[in-house]
Amino acid sequence: MRRVRKYAGLLMSFVLSLSLFAGCADEHVVRVGVSDEAHIQIIGYMVRELAARKGIECQIRQTGSGIASLQPALESDCLQVGIEFTEAAWRNVLQKKDSYHAGDLGLLQSEYKKLGLSWYNLPQVKDHYTLAISRRLMLKENIHTLSELLKIDDQLTIGAPTIFFEDSTGYPYLQSEYGFDFASTSNLPEDGLVEELLDQKIDVIPAHSVDGYVNKAELVILEDDLGVREDMTAGIVITKDALKEYPELAQIAKSIAAVLTDGQLAALAGGVTSDLFTAQQAAMMLLKAKNLVAEKPMSA
């Protein structure tokens with residue numbers, strides 16, 4: 001596996017997830033890696049549905065959360081397609097020490113080419129990574145911004161998946177760039193964060209603006225008044241060998257980039273997390289609305 005040294009701190013999580021990629025040697029099958037996050041799943045199913053209509057056999061494969069589970073699988077060709085975000089790719093894959101800025105996209109794409117991967121940017125899918133608290137805490141302490149939260153962080157517990165506390169774009173970033181030092185941390189699964197917050201078992205959770213749960217009325221997304229972190233954009237990453245066999249994948253990625261916006265993605269992800277429909281159904285709703293497909297969704 002190439003360049004695995006870069007993931008030494010997180011390699012074990014990938015090794016433990018190798019069973020997810022059983023059948024890596026299957027030929028002529030495009031495997032799309034998605035985490036359990038609704039917005040990632042929706043994009044993955046958009047790729048699959050469009051690929052199927054071009055006669056490309058495409059399978060959705062579940063990965064762990066975080067780029068450390070996805071990137072090694074792409075580089076080893078266990079997966080052929082993945083969805084990543086620029087900041088995580090910049091810091092964790094390319095090992096850049098400085099923050100990512102929009103002007104760095106060309107360099108990011110060039111560096112990915114050296115890994116045998118093509119990055120197709122989704123310019124309208126901008127994601128802001130910040131923190132969220134309960135409305136109860138907001139009203140009690142009059143907190144609306146990260147700076148205001150910083151004043152009482154030593155009294156609070158932040159809860160998040162393990163990867164958040166290890167990833168350089170997660171808790172280490174908050175500590176180095178913002179000065180946060182919460183009283184305690186709690187390792188929790190992604191799908192249990194909101195419930196723990198509303199049950200007052202934790203006080204703060206990380207929040208992406210495209211996450212499905214950010215639209216819940218009980219949550220307050222804190223303003224990044226310090227302006228330290230620039231918005232990330234999503235990218236569809238495709239392996240060189242997959243593009244060689246199926247050049248149509250490039251046009252599929254470009255078609256999605258032309259129509260998908262962060263507002264649409266967040267709204268649909270909210271519907272998925274609220275169990276109004278599945279991620280596959282959400283993908284089909286959007287593809288139909290944009291006149292990219294007319295058929296009914298394929299069976300899972």
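Visitor: How much of the contact total in the protein chain comes from residues 24 or more positions apart?

Guide: Among contacts in the protein chain with a separation of 6 or more, 73% are between residues 24 or more positions apart; a contact means heavy atoms within 4.5 Å. This is a predicted model, in which local features need pLDDT of at least 70 and side-chain atom pairs count only at pLDDT 80 or more, while totals for chains, interfaces and linings use all residues. Residues are numbered from 1 along each chain as its sequence is written, and side-chain values use heavy atoms, with hydrogens and water left out.

Visitor: How many helices and strands are there?

Guide: The protein chain has 14 helices and ten strands. Both are DSSP runs numbered from the N terminus: helices are H or I with at least four residues, strands are E with at least two.

Visitor: And what share counts as buried?

Guide: Of the 300 residues, 55% count as buried. Buried means under 20% relative accessible area, exposed over 50% and partly exposed in between, with a 1.4 Å probe and protein chains only.

Visitor: What is the volume of the largest cavity, and what lines it?

Guide: Its volume is about 500 Å³. The lining has 32 residues, and those nearest the centre are E37, S65, G66, I67 and H208. Two or more lining residues come from each of β1 (30–34), α2, α3 (67–75), β3 (81–85), α8 and β8 (204–208).

Visitor: How does that lining divide by class?

Guide: The lining of the largest cavity has 16 nonpolar, ten polar and six charged residues. Here Ala, Val, Leu, Ile, Met, Phe, Trp, Tyr, Cys and Pro count as nonpolar, Asp, Glu, Lys and Arg as charged, and the others, Gly among them, as polar.

Visitor: And the second largest cavity: which residues line it?

Guide: The lining includes Y129, L146, L174, Y178 and R229, around about 70 Å³ of space. Strand β5 gives the largest share, three residues, and α9 also supplies at least two.

Visitor: Where does α9 have its buried residues?

Guide: In α9 (residues 171–178), the buried residues are Y171, Y173, L174 and Y178. They lie on the same side of α9, because they cover an arc of only 155 degrees around the axis; the arc is that of the directions from the helix axis to the C-beta atoms. Among the elements covering them are α4 (86–93), β5 (129–134) and β7 (184–187). G179 follows α9 and has a positive phi, near 90 degrees.

Visitor: What about α5: which residues are buried there?

Guide: L105, L108 and Y112 are buried in α5 (residues 105–114). Their arc of only 60 degrees puts them on the same side of α5, and K113 and K114 are exposed on the other side. The buried residues of α5 pack against α3, β3, α4, β4 (117–127) and β10 (232–239). After α5 comes G116, with a positive phi near 80 degrees.

Visitor: Finally, the largest pocket. What is near its centre?

Guide: The largest pocket holds about 370 Å³ of space. Of its 16 lining residues, D36, E190, D191, Y213 and T273 are the closest to its centre. By class, the lining has four nonpolar, four polar and eight charged residues.

Visitor: Which helix gives the largest share of that lining?

Guide: Helix α2 does, with three residues. Of the 15 residues of α2, 14 are buried.

Definitions and conventions
On a 1 Å grid over the protein atoms alone, a cavity is a set of points where a 1.4 Å probe fits but cannot get out, and a pocket is an open set with protein on both sides within 12 Å along at least five of seven lines; lining residues have an atom within 4 Å of a point. Grid points are joined across faces, edges and corners, and a volume is the space filled by probe spheres set on the points.
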